[in-house]
Each structure stands twice: as structure tokens, then as C-alpha cells.
Amino acid sequence: MNENPVVLHIPHSSCFIPEFLREDIVLDDDELKQNFYAFTDWKTDELFSHPNFSTRIVSDISRMVCDMERFRSDDDENIGRRRDSCRD
């Protein structure tokens with residue numbers, strides 16, 4: 001049994017967007033791909049997959065449709081102030 005008290009939160013490693021949400025995104029596939037490069041924390045889920053990290057919270061959906069760390073108001077978000085939203 002692992003007694004490591006560390007809980008890892010890995011919220012931005014996925015680039016999966018369910019089809020039913022993709023239709024609401026106004027970017028074309030190339031623009032969406034460019035946003036994935038900018039807004040995905042690539043391989044962090046793999047980097048922290050060592051057995052010593054027994055408790056991990058990993059989002060399986062892209063932050064572009066559900067950001068687990070987002071503030072309630074875009075005005076409180078550094079990125080929200082730029083209005084880089086890809087959704088209509």
C-alpha cells in the first residue's frame with residue numbers, strides 16, 4: 001500500500017472533445033489544433049503516472065470545453081481577459 005499523502009491534480013493534459021460539444025466550437029479543425037498546442041499541458045498525465053503517485057485527478061476532456069481550474073468570472077481569469085474563447 002502506498003502511503004504517499006500527495007494528491008496530484010492534472011487538469012489540462014487531454015485534448016479530447018466529445019462530438020456533441022465539437023459542433024458548438026466555431027473554430028475549424030486547423031484553428032482548433034493550434035489552440036490544442038497552446039492550451040494543453042502535453043504528457044503531464046504520463047509524467048506523473050509513477051506508482052508512487054497513487055492518487056491522481058486527471059481530466060479526460062480538453063480544458064477548451066471544461067476547465068477544472070477556471071474561475072466563475074472570465075474577468076478573474078488571466079486568459080479570460082484576452083477573450084480567447086473558441087466557443088460561440
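Trainee: Which backbone atom of Asp60 does the side chain of Ser14 reach, and at what distance?

Mentor: The side chain of Ser14 reaches the backbone oxygen of Asp60 at 3.2 Å. A polar contact is a pair of N or O atoms within 3.5 Å; within protein, one must be able to donate a hydrogen and the other to accept it, and residues adjacent in sequence count only if both atoms are side-chain atoms. The side chain of Ser14 also reaches the backbone nitrogen of Phe16, at 3.1 Å.

Trainee: How should I read such values?

Mentor: This is a predicted model, in which local features need pLDDT of at least 70 and side-chain atom pairs count only at pLDDT 80 or more, while totals for chains, interfaces and linings use all residues. Residues are numbered from 1 along each chain as its sequence is written, and side-chain values use heavy atoms, with hydrogens and water left out.

Trainee: What is the average pLDDT of the chain?

Mentor: The chain averages 81, and 83% of the residues score at least 70; pLDDT is the predictor's confidence in each residue, from 0 to 100. Where pLDDT is low, the predicted coordinates should not be read in detail.

Trainee: Why does Ser14 count as buried?

Mentor: Buried means under 20% relative accessible area, exposed over 50%, and partly exposed in between (1.4 Å probe, protein chains only). Ser14 has 13% relative accessibility, so Ser14 counts as buried. Ser59, at 7%, is buried as well, and so is Ser62, at 1%.

Trainee: What does Ser59 touch, not counting residues up to four places away in sequence?

Mentor: Ser59 touches Ile10, Pro11, Ser13, Ser14 and Met68, where contact means heavy atoms within 4.5 Å. A polar atom of the Ser59 side chain also lies 3.0 Å from the backbone oxygen of Ile61. With the same exclusion of residues up to four places away, the contacts of Ser62 include Ser14 and Phe36.

Trainee: Which residues of helix H2 are buried?

Mentor: In H2 (residues 29-39), they are Leu32, Asn35, Phe36 and Phe39. Helices (H or I, at least four residues) and strands (E, at least two) are DSSP runs, numbered from the N terminus.

Trainee: How do you know that these residues lie on the same side of H2?

Mentor: They cover an arc of only 110° around the axis, which puts them on the same side; the arc is that of the directions from the helix axis to the C-beta atoms. The face turned away from the buried side carries the exposed residues Asp30, Gln34, Tyr37 and Ala38.

Trainee: What makes the pair of Tyr37 and Trp42 tilted?

Mentor: Rings of Phe, Tyr and Trp (its six-membered ring) pair if their centres lie within 6.5 Å; planes under 30 degrees apart count as stacked, over 60 as edge-to-face and the rest as tilted. A search of the whole structure finds one aromatic pair. The centres of the Tyr37 and Trp42 rings are 6.2 Å apart and their planes stand at 45°, so the pair is tilted. Tyr37 is exposed, with a relative accessible area of 55%, whereas Trp42 is partly exposed, at 42%.

Trainee: Which residues make up the largest nonpolar core?

Mentor: There are 10 in all: Ile17, Leu21, Ile25, Leu27, Leu32, Phe36, Phe39, Ile61, Met64 and Val65. A nonpolar core is a set of buried Ala, Val, Leu, Ile, Met, Phe, Trp, Tyr and Cys residues joined through side-chain atoms within 4.5 Å. The largest share of this core, three residues, comes from H2.
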